[in-house]
Structures are given as structure tokens and as C-alpha cells.
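Have the model open beside you as you read. This is a friendly walk through its spaces, its packing and the place where its chains meet.

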Amino acid sequence: MMKTISAIGGAAALALSAAVVTADPVDDTLILNEELELVTRTTAPAHVEELDEVLSGWLFRGTETRAMQADDFDNPGMIFVEKALEAWDTAEGSEGKSCASCHDAAETMAGVRPVYPKWNEAAGEVRTLEMQVNDCRTSRMGAEAWKYAGGDMVNMIALLSSVSRGLPVNVAIDGPVQSMWEQGKELYYTRTGQLELSCANCHEENNGNMIRADHLSQGQINGFPVYRLKNTKLNAVHSRFKGCIRDTRAETYSPGSPEFVALELYVGSRGNGLSVEGPSVRN
Amino acid sequence: MASGVKPRVKVPKTAAAGDVVTIKTLISHKMESGQRKDDDGNIIPRSIINRFTCDFNGKNVIDVTMEPAISTNPYFEFEAIVPEAGDFKFTWYDDDGSVYEESKTIKIG
């Protein structure tokens, strides 16, 4: 009798050890269009104390998904970038201006995406790229503001990201933005919802592990806007924040809210050194 | 008339005679299946690309019949043998009668 029990115990232990599936990030290099090598793995910035290395979400995705992002023709996100290019050249509003009237070609915006969110001295606030776009639309073009995480806006952000691909994320965390950055950090480490999960519980302590059927990444936002295979459209970073917080079964903040701006500032700075990838391709 | 339809094609600029080249094509199209209903419960009429063809110097390479279950922005990737220099001609046929065309020249070298 004892023998039988120990045999069952042994089988159970075996089954348990087999059930622990690791989902380590792959060892791969992202080369865009066979010419531009992007940084997807680098030493963590000094202010990210709990991580040695910061890893792009690209390393946590499957072979086909990674390949899709490596070629602009295969990347469905680029269709939306093309739509934004049309908007870039289209005059709107009372001033009869388009984006191109002031900024010329969209390529001249290279280097803008990596430093946002950042402090705007004239307005005395931390601004995300979306807020800056809407400021341009309302005060310079005399046009209506776009919905914060709506289609037009996320396409435009994808265009602005696409021209900065390969440049390192470089979000400032000191000076006037520091208090908002601290607020973002607080949000990152605060457990919310019925499941009582903070961002850190999943993305800091458990990246590389499975969350049900999916790989948990570090939750870096260098690849936003993200084309998701599950909803076949571009997703804004604040929409992703909202989805994550909803999944903890909490009441979420709204896209464009001061809380999410603070969180974007903090999470953005955690990816300092990684290449801008947007529009990236994810599950 | 479906809006925002734009064909895209990627063909290598050159190939050696007899080479097999990979061709990628995509047409942005909403591919409305005809199965969905709007907020008022009315059926949204079907509007899809129903046929796609590729010809090389007048000779057919691929001819695809497409059905409503095919998702938005249909993408086709296929291979073709290039015996000589010439033009690939791509044609998409829309339910509404529109025909979208694109062509790419390939050189031997």
C-alpha cells in the first residue's frame, strides 16, 4: 500500500515539474528591412533598480510575429502609417494649414518620439505626443482636437514613431517632470483591482513567465502604437494601460488622463536605451 | 464603392533568368462579409475583393477566387519563375465592379 502511494506521489511531482513552462525571451536580433538594426536588449537605466536588462516586447513574441515586424511590407501597422501620411499633407481647420505647412516632410520629425512625454515650458505641464498633436491642431491649425486614443490620433502617432525607429528612447525624468515621474512610479507599484495586481507584479517580477497562454513581457512601451493581431488595428499606449488595469478588475483611468500621462512618463523612462519600434506587431 | 482601397506589391527589381522570386501583395480593403449587422439591425451589404490575378508578360501566374471569410486587407505571398525580363501585372476585382491594377518591371541581371 505504501509503495503505491509513493509511486503516485512520484508521478504527481513529475507532472508538476512538466507543468512549469518557461517563456524566456528569445535570443534574436531585430533588423528592419534588412538594413537597420534595432536595440531590443540593453542595460537597464539606473533608475530601474529591479532589472538588470531592459528587453523589448519583440523578444517575447513568436517567430512569425517577429518576422512580420521586421519588414515594412509585412507589417500591417504601416498601412495606418500611410493613412497618417495623407492626413499629414491635408489642410484642416480655420487656418488652412496641414502638418506639412509648418513641419515639411514627416521625416523631419525624427527624434521627436523618443523624448516624449516631456515638459512643455510654455504650458507648464508634462505633455505626451498626443497632447502636442492636439495642441498643434487646435491652436495652430484651428482644427478640432482628435479623440485621444482614436483612429486618427493613433495613426498619426504611428507615423511620428515610424520616422524615429532605431533611435533610442530618451525620456527625461528629472527637473520639472520629476514630481509627475514619481507619481507614475507610485502608480506602477500600486496594486489595484479585485486581483490586487500592480504593473510590477507581472511585468517586473514575472516577465518571461506565462500568464495563462501568453508570454509576459517587461511591458516596455518603445513599440507603441502596437498593431495587435487580436484586433487587427493599431493600439495606443493609454488603451493598453486601460486594458491591463481592467484585467486586474479595477476601475480604470481614461486615456489622456493625468494618471495615465504620469504612468506613460514613468514606463517610457524604463525603456530608455531601447530603440523606438512603433508601429510594432504583437499578439 | 469601398473607400481607402490601395494595392501594394513587392517584387525584386532584378533576378537571374530561371530564378524563383517571392512576390508579396496586399490590398487595403475592408472586406465586408455581408454577415454583419449595423446598430439598427440592418445587414451591412457584402463588399469584398472577389478575385485576384497575377500575369507575367501576358501569361497567368496565379488566379485566386476570394470568399467572404477572408479578412481585412488581403495579403498574398507566392513564388514565380522568371524566365525573362518583363512585367508582372496584378489585378484585383471588387464586388462593386471596380478593378484595381498594379504592375512591376523585373530585369534580368
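What follows is a short report on a predicted model.

**Chain B**

Let us begin with the overall build of chain B. Its elements run β-β-β-β-β-β-β-β from the N terminus on, with 8 strands and 0 helices in the count. The C-alpha trace of chain B spans about 60 × 20 × 20 Å along its principal axes. Of its 109 residues, 39% count as buried. If you look at contacts in chain B between residues at least 6 apart in sequence, 58% of them join residues at least 24 apart.

**Where the chains meet**

Chain B and chain A bury about 740 Å² between them, and 54% of that area is on carbon and sulfur atoms. On the side of chain B, the residues that lose the most area to chain A are Arg8(B), Lys10(B) and Lys24(B), which together make up 50% of what that side buries. Counted by contacts, 10 residues of chain B are in contact with 5 residues of chain A.

**Pocket and cavity**

Two spaces in the model are set side by side here.

| Space | Volume | Lining residues by class |
|---|---|---|
| Second largest pocket | about 660 Å³ | 11 nonpolar, 8 polar, 4 charged |
| Largest cavity | about 190 Å³ | 12 nonpolar, 3 polar, 3 charged |

Which residues lie closest to the centre of the second largest pocket? Of the 23 residues that line it, they are Ile79(A), Tyr227(A), Thr72(B), Asn73(B) and Pro74(B). Both chains feature in the lining: α2 (63–70) and α3 (77–88) of chain A each supply at least two residues, as do β3 (19–28) and β6 (75–82) of chain B. The most comes from α3(A), with 3 residues.

As for cavities, the structure holds 1 of 30 Å³ or more. The largest cavity is lined by 18 residues, and those nearest its centre are Arg113(A), Tyr116(A), Ile221(A), Asn222(A) and Glu264(A).

**Nonpolar cores**

Now for the packing. The largest nonpolar core has 28 residues, and the ones with the most contacts inside it are Trp88(A), Val133(A), Met156(A), Leu159(A), Leu160(A) and Leu234(A). Two or more residues of this core come from each of α3, α4 (99–103), α5 (129–141) and α6 (151–162) of chain A. Among the elements, α6(A) gives the most, with 7 residues.

Leaving aside residues up to four places away in sequence, Leu160(A) touches Trp88(A), Met109(A), Arg113(A), Leu129(A) and Val133(A). One of these partners, Arg113(A), is also among the residues nearest the centre of the largest cavity.

Apart from this core lies another, of 24 residues, which includes Phe56(B), Val82(B), Phe90(B) and Tyr100(B).

**A look at Cys199(A)**

Cys199(A) is found in helix α8 (residues 199–203) of chain A. Is Cys199(A) buried, partly exposed or exposed? Cys199(A) counts as partly exposed because its relative accessibility is 24%, while buried would mean under 20% and exposed over 50%. Not counting residues up to four places away in sequence, Cys199(A) touches Leu187(A), Tyr188(A), Glu204(A) and Leu263(A). Gln218(A) is 19 residues from Cys199(A) along the chain, and their C-alpha atoms are separated by 9.5 Å.

Conventions:
Residues numbered from 1 in each chain as written. Chains lettered and ligands numbered in written order. Predicted model: local features only at pLDDT ≥ 70, side-chain atom pairs only at ≥ 80, totals over all residues. Heavy atoms only, no water. 1 Å grid on protein atoms, 1.4 Å probe; cavity = no way out; pocket = protein on both sides within 12 Å on 5 of 7 lines; lining within 4 Å. Points joined across faces, edges and corners; volume = space filled by probe spheres on them. Helix = DSSP H or I, 4+ residues; strand = E, 2+ residues; numbered from the N terminus. Nonpolar A, V, L, I, M, F, W, Y, C, P; charged D, E, K, R; others polar. Core = buried A, V, L, I, M, F, W, Y, C linked by side-chain atoms within 4.5 Å. Buried < 20%, exposed > 50% of the residue type's maximum accessible area, 1.4 Å probe, protein only. Contact = heavy atoms within 4.5 Å. Buried area = accessible area lost by both parts, 1.4 Å probe.
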